[in-house]
Amino acid sequence: MNIFSKITNNKFIKKLTKDKFVFISLVILVFLYLSIAFAGFFAPYGKMFSDRRLSYAPPSKIFVIDQHGKLSLPYTYNFKRSFNPETFQMDFQLDRSHKYYLKFFSQGDEYKIFNLIPSKTHLVKVNSPGRLFLLGSDINGRDVFSRLFYGGQISLTIGFLALLISFPIGLLYGGIAGYFGGAVDNIMMRIAEAIMSIPGFYLLISLAAILPANMTSIQRFTLITVILAFIGWAGLSRVVRGMVLSIKNQEFVEAAKAIGASPMRIITKHILPQTASYVIVAITLSVPGYILAESGLSFLGLGIQQPDASWGNMLKEAQEYINVLYRPWLLTPGFLIFIAVLAFNLVGDAVRDILDPKSRARR
Amino acid sequence: MSIPIYILKRILQAIPLVIIVSIMSFIIIKLSPIDPLAELKLNPAISPQVLQSEKQRLGLDLPVYKQYFNWAGNFVKGDLGVSTSGEKVSDRLMERIPNTLLLTIAVIIVTWLVAIPLGIYSALNWKSPFDRFLTVISSMGMAVPTFFFALLLLIFAVKTGWFPVGGLTSVGFENFNPVHKFFDVVHHLILPVTVLATASLAGLQRQMRGNLLDVLESDYVKMARAKGLPENKVIYKHAVRNAINPMVTLFGFEFASLLSGAALTEFVLQYPGLGRLMLEAVMKSDMNLVMASLIIGTLMLIAGNLIADILLKFVDPRVSLD
């Protein structure tokens, strides 16, 4: 039996894909993650590409019928920028002197697949000095379409990385508080409650604001992840504590104590695994929250910084509504955030319905 | 336990919470690499003597714990320090808090007025096309980032010119008559309320639908039907009243998420609220203002939860306050 049929025969996956909305969501998520995994291949341009002469160029027009009315291989024209003295704006006109044919699977900017394997092959590109801006360009003349892929790499992974930090902490914290009870529990829970009672976004921006300005992009990415995790663990630890309070009186815990297992062993090996189904549900339902938090933070300029792309900081240029009126393509990252969050929400709800039938929000 | 004693007890419980929050935010501010006197140092009109006295007033040469006690003492007395622009922090907060409260309350009223009837309707017409449609719409409402939605509405407002952009009042507001004043504020509130209500509407509608579906299956509803009560009475007197109770607890959460969510919306739509003040303070590294906003936000959140608990007592007499 090959892996694919193994996955499709899995009972859990079968239940999950029964609903057509959930199935579509899963397909979208797989598609999104594949495209960010191979971002360098799908993006026509590299991370650092920019053509300052073409800032705010509109999307390239692709022609398949040439000037003689005959069918042709797809080609595009470059834009010529000129200042219009009547409207005081930059006008972009097609420069019809030279055709640039779209080239598939040809060599372009170098990138690394999974940061390891160097490659130069791109899905589609045009030869320089032709420019292929499928979704227009931003203020620095960078290709918005390419940056959507690179931005997705950050926006779609930062949530999972933050979960990897916040969930172990939340689980352990709640486990210890619930297991030991008494004064330990009291003090630990007061601290968790204090974090929960600061409005989340206020805490987020004040933490992001104290990050020093002169950091490398890797450092900044790591610290933003840590900050997101810091906001998220307290709520989880409270729920886990509640569950531990009821689990710790069960017989198997007594048995483990009788054998002489240490408290840490009992908490991590015997009690916390019992919370697994709740934790899985909580994880799937909290990913969208992290994605939204990161995009909000970067939108304000407090998260991921230029020249790195994230869907949030790409939207930053759209803050000026005048900008958006003339350049609607700047809004595309927002639609991607919306689609990703919607897909995660639908899958999360379905996972909850399967693993936690009691809290079923019936469809 | 009577309600006044309960409120008193809750306030007493909140005190350690606020102290922990204030210590935490003080540590955050102290971790900041930003020099609180940087603005003053850059100003050539400020003499070194003034700088020195300001340093002593803020106690920057004292150990950190003493600085905290200084700050906390001043906070209790109502002295929140001076913002970088030289205004009193307390004045700026006082100017913004009513606006944020107004926005939050307007959003809560709108969401409840819309979400509860929709929730009841979908539960009663479970799996009907309209119910499915609402489920899809509510999923979408939950997924759209508030700042993005605000941006879209802003563009809509600019293009059509139907709604004012930014602020809470029009030019010449002082000279309007009261009715005109009221409608002017409402006109300015429509966009921010739409953004924030869309986000919380979806969750509330789903919750109401789920609750009512659960209640409709309970024994006492079957009993009410069995004894021949008209369906209207069964639903509105027995089922809905019980399904609404858990929603009141949500009120507290809603208040919390509104305070947070409002910040981005206020920023995009240029609404003069606490969230935007806080954001601007963070960006200008106005630490006195950031610190005060954090504490005030926390106090509002705690108050919101307390109000939710007391409301629950009023709607559900079975709840005991202890």
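How many helices and strands does the secondary structure of chain B come to? The answer is twelve helices and zero strands. Here helices (H or I, at least four residues) and strands (E, at least two) are DSSP runs, numbered from the N terminus. This is a predicted model, where local features need pLDDT of at least 70, side-chain atom pairs count only at pLDDT 80 or more, and totals for chains, interfaces and linings use all residues. Residues are numbered from 1 along each chain as its sequence is written, chains are lettered from A and ligands numbered from 1 in the order in which they are written, and side-chain values use heavy atoms, with hydrogens and water left out.

**View 1. Chain B on its own is built from helices, twelve of them.** Its C-alpha trace spans about 85 × 55 × 40 Å along the principal axes. Of its 322 residues, 47% are buried, and buried means under 20% relative accessible area, with exposed over 50% and partly exposed in between (1.4 Å probe, protein chains only). Take the contacts in chain B with a separation of 6 or more: 74% of them join residues 24 or more positions apart. Contact means heavy atoms within 4.5 Å.

**View 2. B:Q207 sits in helix α8 (residues 178-216) of chain B.** With a relative accessible area of 36%, B:Q207 is partly exposed. Which residues does B:Q207 contact, leaving aside its neighbours within four places in sequence? They are B:M247 and B:L250. As for B:L269, it lies 62 residues from B:Q207 along the chain, and their C-alpha atoms are separated by 29 Å.

**View 3. B:G81 belongs to the loop between α4 (64-76) and α5 (89-124) of chain B.** Is B:G81 buried or exposed? It counts as buried, because its relative accessibility is 12%. Setting aside neighbours within four places in sequence, B:G81 touches B:E87, B:K88, B:V89 and B:N288.

**View 4. Chain A has 14 helices and five strands, and it is divided into two parts, domain 1 (3-34 + 156-362) and domain 2 (43-141).** Those bounds come from an automatic or database domain assignment. The domain centres, taken over C-alpha atoms, are 38 Å apart. Eight residues from domain 1 of chain A and eleven residues from domain 2 of chain A make up the contact. About 750 Å² is buried between the two domains, and carbon and sulfur atoms give 60% of that. Buried area is the accessible area (1.4 Å probe) that two parts lose on being put together, summed over both. On the domain 1 side of chain A, A:E317, A:R327 and A:W329 lose the most area to domain 2, together 62% of what that side buries.

**View 5. Here chain B meets chain A, with 52 residues from chain B and 44 residues from chain A in the contact.** The size of an interface is often given as the accessible area lost when the parts come together. For chain B and chain A, about 4,200 Å² is buried between them, 79% of it on carbon and sulfur atoms. Look for B:I28, B:F147 and B:F148: they supply 13% of the area that chain B buries against chain A, more than any other three residues.
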